[in-house]
Amino acid sequence: MTETARTAGVDPRTTELPAQYSAKTVEQRRYEQWVAAGLFEANAKSDKPPFTIVIPPPNVTGVLHIGHALDHTMQDALIRRKRMQGYEALWLPGTDHAGIATQNVVERQLASEGLSRHDLGRERFIERVWEWKAKSGGAILGQMRRLGDSVDWSRERFTMDAGLSRAVVTIFKRLFDDSLIHRAERITNWCPRCHTALSDIEVEHSDDEGELVSIRYGDGEARIVVATTRAETMLGDTAVAVHPSDERYRHLVGTEVELPLTNRRIPIIADHHVDPTFGTGAVKVTPAHDPNDFEIGQRHKLPSITILDEHGVVTVHGPFEGLDRYEARPAVVAALRQQGRIVAEKRPYLHAVGHCSRCGTTVEPRLSLQWFVKTGPLAKAAGDAVRDGRVRIEPPELAKRYFAWVDDMHDWCISRQLWWGHRIPVWYGPAGEVICVGPDEEPPSGAGWRQDEDVLDTWFSSALWPCSTLGWPDATEDLERFYPTSVLVTAYDILFFWVARMMMFGLYAMSDRPADRQQPFDVVLLHGMVRDQFGKKMSKSGGNAVDPLDWIDRFGADATRFTLARGANPGSDVPINEEWCQGSRNFCNKLWNATRYALMSGATTAGDLPSPAELSTIDRWILSRLHEVIAECDQQFEAYELAKVCETLYHFAWDDVCDWYLELTKPVLAQGADPEAARRTRRVLGHVLDQLLRLLHPLIPFVTEELWTVLTGGESVVVAAWPAADASFADAGAEREVAFLQRVVTEVRRFRADQGLRPGQRVAARIDGLQGGGLAAHEPLMRSLVRLEEPGESFRATATLTVAGGVAVALDTSGAIDIEAERARLAKDLAAAEKESAGCRAKLGNEAFTSKAPTAVVDKIKNRLAAAESEIERVGAQIAALPNA
């Protein structure tokens with residue numbers, strides 16, 4: 001037995017397992033053994049075919065949430081299977097520097113010390129962030145170990161590492177030189193708390209209560225009414241817009257109207273963006289504080305007046321100057337009301353509001369000077385790669401969402417007004433020079449030169465993740481061997497943001513390669529959101545959130561993984577609840593008990609498997625089923641249908657192996673049985689469990705490792721060969737024969753229960769018709785399974801069952817049950833069924849009910865009636881079959 005097997009927690013001189021499986025005593029020990037043995041490390045010099053997954057990098061500030069647990073379970077299942085199939089499998093881990101989130105964490109620490117980042121200065125603040133990362137960052141990496149992630153820790157990456165930072169500067173320089181990066185004043189999502197622009201994915205929208213105020217601009221025939229939820233922005237209005245075909249305002253187009261409170265007059269313009277059916281059909285245009293208004297302003301060459309600074313404070317000279325936007329809003333409304341300009345006020349008014357995902361502050365659309373990537377040609381290339389088949393999106397129906405995004409992508413704002421992150425490599429000279437400095441170039445020096453203060457959007461570095469983590473821009477062995485990566489596993493909600501950006505940058509960065517090796521990944525596997533068993537989104541406020549670390553503590557990592565994988569099909573949301581996780585833990589315990597029983601019964605993997613001609617029907621049946629299951633699992637894995645893989649293996653393990661094969665072979669393995677038959681069955685049993693544990697390993701790695709190493713004495717199931725389906729084991733005859741045997745046994749067991757017999761109670765029975773069904777040879781086995789003894793001279797049939805196929809079973813229950821007690825029990829069941837039937841009939845006979853109730857409700861009552869009538873018939877037959885007292 002190997003050293004690995006000797007450390008499995010069992011005596012190396014025996015093949016016994018502890019009576020119960022303890023995940024807590026197994027999981028950490030096994031994971032440490034795997035890492036120490038280097039089982040997860042990939043070799044770039046190997047001649048095996050590569051299979052690569054780069055982990056979507058979690059934020060360095062993050063902890064493992066249930067979405068991560070699903071994502072990582074799916075990736076680990078894929079990578080473990082490919083490793084077992086003989087691929088050089090690389091699963092590359094790492095974390096994202098998470099600009100805003102990390103800066104906020106450290107700023108809160110400073111605030112608790114009575115300091116701000118400005119007190120420290122930029123360099124010292126960045127040092128402080130690195131100190132925080134070294135001490136507290138990356139907690140999620142340890143939590144990934146608890147889940148069982150088989151990542152290559154020797155290749156762990158961080159988006160602010162020197163190599164990845166060099167990649168960021170390299171691609172910025174290339175894009176800049178190719179005129180694909182430019183600086184411009186545009187409307188961006190602005191956080192007044194974090195004092196930075198935000199990407200769309202950093203904005204969370206919710207329906208908030210506010211106030212919709214209708215304001216009259218102008219007087220008399222020249223008056224026009226507009227409505228707004230942000231009354232303070234009227235101070236920056238530079239036009240009122242109407243639709244060109246709106247007859248109500250045709251006479252006003254081209255004229256000017258007085259803008260209240262400002263002593264300014266603004267034009268009334270016609271623009272097709274305006275919806276004439278919404279509200280009054282007239283909209284105020286504030287180009288500096290609304291993205292749609294900005295576009296209108298660009299088309300009509302309107303001036304842009306910025307009325308709020310980066311703190312959200314009014315800067316327009318006058319009575320509102322210096323007020324916060326939330327102070328200015330009611331003040332402006334009050335001033336308008338005093339002038340008689342308020343036409344209507346609707347309060348509360350529910351409307352969509354964007355919030356900073358990091359601090360919760362309401363986002364302010366604001367005109368500011370920012371850096372942008374010109375996405376047009378990059379987005380086209382990203383769309384073409386999917387259209388021409390170089391990249392496949394699973395499930396295919398989600399490809400249309402991808403195209404909707406990349407085919408209509410706006411320029412990407414990449415600058416952030418932060419200190420933590422990749423600083424923009426642009427220098428400004430004293431005479432207005434603008435120089436972009438590459439990674440191997442010296443920045444300009446001398447009086448008057450300064451570097452841009454902004455840093456790059458976190459998604460800028462994340463977009464390079466598949467190639468930068470493998471060494472790009474250098475021509476490394478890893479890059480040559482493992483790029484393009486094989487599959488990207490991610491939630492569909494970031495398809496537009498992260499996936500599209502990786503496609504753009506990967507294709508651009510690797511454009512010197514052949515076209516079929518430029519894409520960052522071959523397959524994009526999209527999964528849904530984790531929800532509760534009712535399909536509701538999980539949230540702390542909703543009281544239905546699940547902490548995967550809590551489940552791992554209570555049920556084990558395997559049970560947590562299996563629960564998540566059982567709902568994981570491409571593109572579908574994943575429902576879970578605690579009861580299902582308990583069921584997954586029970587499944588792990590079932591495997592443990594089955595393997596323990598097999599080992600105690602002498603199951604072995606030593607020696608050759610006997611030929612089919614030497615095997616019993618039962619042994620040939622389980623081998624036929626095994627290879628059928630292997631083929632099904634392969635097909636399901638290749639289609640990324642992990643939920644189906646779980647169901648296939650669950651039912652094979654629980655139903656076929658544990659409930660049937662172990663029971664059917666107990667007589668063969670019992671003491672005193674035919675030793676040769678027992679030897680062959682022990683070998684088949686060992687083989688079936690060996691293959692089953694290998695099949696289950698990608699999903700539940702810990703318990704399968706513990707069982708497999710003890711069963712086989714092998715080094716580790718992590719590197720064991722993946723089972724191969726062999727059609728020569730298919731045995732339709734054995735499957736038909738055992739299926740018929742199972743049906744007979746199942747119906748007899750149900751019949752015994754109906755007769756009130758206890759499960760272990762033996763009664764005499766006569767069985768006829770087995771010869772016709774081909775089950776004559778199995779009669780002793782069947783009698784053993786259903787506790788039926790041979791009939792004696794005093795046998796008197798008190799109950800008879802006829803099974804499909806001509807098999808009849810007559811039982812003698814005289815003396816075996818308390819007739820009167822059983823009659824009373826059945827009478828109670830009959831009364832309950834009759835009461836249910838009467839209630840359903842009354843409802844269905846009530847026209848007032850059937851005419852008004854939904855069809856689904858009426859159908860439910862009909863189904864309940866049918867079930868009640870069936871129960872009345874069944875129980876009545878049982879009462880009639882009871883012998884007279």
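I take helices (H or I, at least four residues) and strands (E, at least two) as DSSP runs, numbered from the N terminus. This is a predicted model, so I keep the cut-offs in view: local features need pLDDT of at least 70, side-chain atom pairs count only at pLDDT 80 or more, and totals for chains, interfaces and linings use all residues. Residues are numbered from 1 along each chain as its sequence is written, and side-chain values use heavy atoms, with hydrogens and water left out.

**Entry 1**

I started with positive phi values. Histidine 195 has phi near 60°, a positive value in a residue other than glycine. I found histidine 195 in the loop between β5 (181-191) and β6 (196-198). For exposure I use relative accessible area: buried is under 20%, exposed is over 50%, and partly exposed is in between (1.4 Å probe, protein chains only). Histidine 195 comes out at 25%, so it counts as partly exposed.

Alanine 98 also has a positive phi, near 50°, and is not glycine. Its loop runs between β3 (94-95) and α4 (99-112). Is alanine 98 buried or exposed? Alanine 98 is buried, at 4% relative accessible area.

Next I looked up cis peptide bonds. One joins arginine 347 and proline 348, with omega about -5°. Proline 348 belongs to strand β13 (residues 342-356). Another cis bond runs from tyrosine 483 to proline 484, with omega near 0°. Proline 484 sits in the loop between α15 (477-482) and β22 (485-491).

**Entry 2: glycine 210**

Proline 348 turned up again here. I define contact as heavy atoms within 4.5 Å. Leaving aside neighbours within four places in sequence, glycine 210 touches Lys346, Arg347, Pro348, Tyr349 and His351. Glycine 210 is part of strand β7 (residues 203-217). Its relative accessible area is 19%, so glycine 210 counts as buried.

**Entry 3: overall numbers**

How many helices and strands does the protein have? I get 29 helices and 29 strands. The C-alpha trace spans about 115 × 80 × 55 Å along its principal axes. Of the 885 residues, 53% count as buried. Among contacts with a separation of 6 or more, 77% come from residues 24 or more positions apart.

**Entry 4: cores**

I define a nonpolar core as a set of buried Ala, Val, Leu, Ile, Met, Phe, Trp, Tyr and Cys residues joined through side-chain atoms within 4.5 Å. The largest has 134 residues. Those with the most contacts inside it include Val487, Trp621 and Leu664. Helix α21 (residues 642-664) gives the most to this core, with 13 residues. Leaving aside neighbours within four places in sequence, leucine 664 contacts Ile618, Trp621, Val738, Leu741, Leu781 and Leu785. A second, separate core of 63 residues includes Ala379, Met409, Phe505 and Tyr508.

**Entry 5: helix α7 and its partners**

Helix α3 (residues 66-84) packs on helix α7 (residues 139-147) at about 55°, with the axes 11 Å apart. That makes α3 oblique to α7. My classes are roughly parallel under 35 degrees, roughly antiparallel over 145, roughly perpendicular from 65 to 115, and oblique for the rest.

Which residues meet? His68, Ala69, His72 and Thr73 in α3 face Ile140, Met144 and Leu147 in α7. By class, this contact has 4 nonpolar, 3 polar and no charged residues. Here Ala, Val, Leu, Ile, Met, Phe, Trp, Tyr, Cys and Pro count as nonpolar, Asp, Glu, Lys and Arg as charged, and the others, Gly among them, as polar.

I then checked α7 against helix α17 (residues 548-555). Their axes come within 11 Å and cross at roughly 40°. The pair is therefore oblique: α7 and α17. Gln143, Arg146 and Leu147 in α7 meet Leu549, Ile552 and Asp553 in α17. This contact divides into 3 nonpolar, 1 polar and 2 charged residues.

Notes. Axes are lines fitted to C-alpha atoms, for helices over the stretch in contact, and angles run from 0 to 180 degrees between N-to-C directions.
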